[in-house]
Amino acid sequence: MINLNSKEYNNDFQLTTEKILNLVSDYQIFKFYCNDFKVGKAINSPLRVDNIPSFSIFHSSTYNKLLFFDQVTLEKGDCFIFVSKLFHTDYYTTLIKI
């Protein structure tokens, strides 16, 4: 396992969402962690027990990126917030996981 905080790595290295999105798209991240979705189609929430499709991933023209929205909990966000909620991790741990 790589420890990005170790001394062997440049102290100026900062893992960011922008650096990740230069390597993979938000669609690829959503698809990897939620492979049964189709953009704009409601599915059962991967974040909780859900028997009625009430979760969707859609393209936001305002932000020009994919976002998720849960109609029951009213949670919403981008692919990074989705992965954070899915695994109950903080921001930096989420970036490392992705």
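Me: Over how many bridges do β1 and β2 pair?

Reply: The model is predicted, so local features need pLDDT of at least 70, side-chain atom pairs count only at pLDDT 80 or more, and totals for chains, interfaces and linings use all residues. Residues are numbered from 1 along each chain as its sequence is written, and side-chain values use heavy atoms, without hydrogens and water. Two strands count as paired if DSSP finds at least two bridges between them. For β1 and β2 the pairing is antiparallel, and the number of bridges is six.

Me: What pattern does the chain follow along the sequence?

Reply: Helices (H or I, at least four residues) and strands (E, at least two) are DSSP runs, numbered from the N terminus. The chain has four helices and three strands. Read along the sequence, they follow the pattern α-α-β-β-β-α-α.

Me: Which strands are the edge strands of the sheet?

Reply: The three strands form an open sheet in the order β1-β2-β3, with antiparallel pairing. An edge strand pairs on one side only, and this applies to β1 (55-60) and β3 (76-77).

Me: Which residue of β3 stands opposite F68?

Reply: Strand β2 covers residues 65-70, and two bridges join β2 to β3. On the β3 side, the residue opposite F68 is G77.

Me: At about what angle does α3 run to β2?

Reply: Axes are lines fitted to C-alpha atoms, for helices over the stretch in contact, and angles run from 0 to 180 degrees between N-to-C directions. Helix α2 lies across β1, β2 and β3, running at about 40° to β2. Helix α3 (residues 79-87) packs on the sheet and touches β1, β2 and β3, where contact means heavy atoms within 4.5 Å. Between the directions of α3 and β2 the angle is about 40°.

Me: How far from D26 is the nearest side chain of opposite charge?

Reply: D26 belongs to helix α2 (residues 26-33) and touches L21, K65, L66 and C79, leaving aside residues up to four places away in sequence. Lys and Arg count as positive and Asp and Glu as negative, with His and the chain ends not counted; a salt bridge needs a side-chain nitrogen of Lys or Arg within 4 Å of a carboxyl oxygen of Asp or Glu. D26 is buried (under 20% relative accessible area, with exposed over 50%, partly exposed in between, 1.4 Å probe, protein chains only). D26 has no salt bridge, and the nearest side chain of opposite charge, K65, is at a distance of 7.0 Å.

Me: How many residues apart in sequence are the parts that Y33 and F87 tie together?

Reply: Rings of Phe, Tyr and Trp (its six-membered ring) pair if their centres lie within 6.5 Å; planes under 30 degrees apart count as stacked, over 60 as edge-to-face and the rest as tilted. By this rule there are eight aromatic pairs. Y33 and F87 form an edge-to-face pair, with 5.6 Å from centre to centre and 75° between the planes. Because Y33 lies in helix α2 and F87 in helix α3, the parts tied together are apart in sequence by 54 residues.

Me: Is F87 buried or partly exposed?

Reply: Y33 has 17% relative accessibility and counts as buried. F87 has a value of 35%, so this residue counts as partly exposed.

Me: Which residues do ring pairs link into a cluster?

Reply: A pair of aromatic rings is described by the distance of the centres and the angle of the planes. Pairs of this kind link rings into a cluster, whose members are Y27, F30, F37, F55, F68 and F82.

Me: Which residues does G40 touch, not counting those up to four places away in sequence?

Reply: G40 is in the loop between α2 and β1 and counts as exposed, at 58% relative accessibility. Its C-alpha atom is separated by 10.0 Å from that of L67, 27 residues apart along the chain. Not counting residues up to four places away in sequence, G40 touches I57 and F58.

Me: What phi does N64 take?

Reply: N64 lies in the loop between β1 and β2, a hairpin with four residues between the strands. N64 is exposed, with a relative accessible area of 59%. Most residues other than glycine have a negative phi. N64 is not glycine, yet its phi is positive, near 55°.

Me: In which loop is H88 found?

Reply: H88 also is not a glycine, and its phi is positive, about 55°. H88 is exposed, with a relative accessible area of 71%. Its place is the loop between α3 and α4 (91-97).
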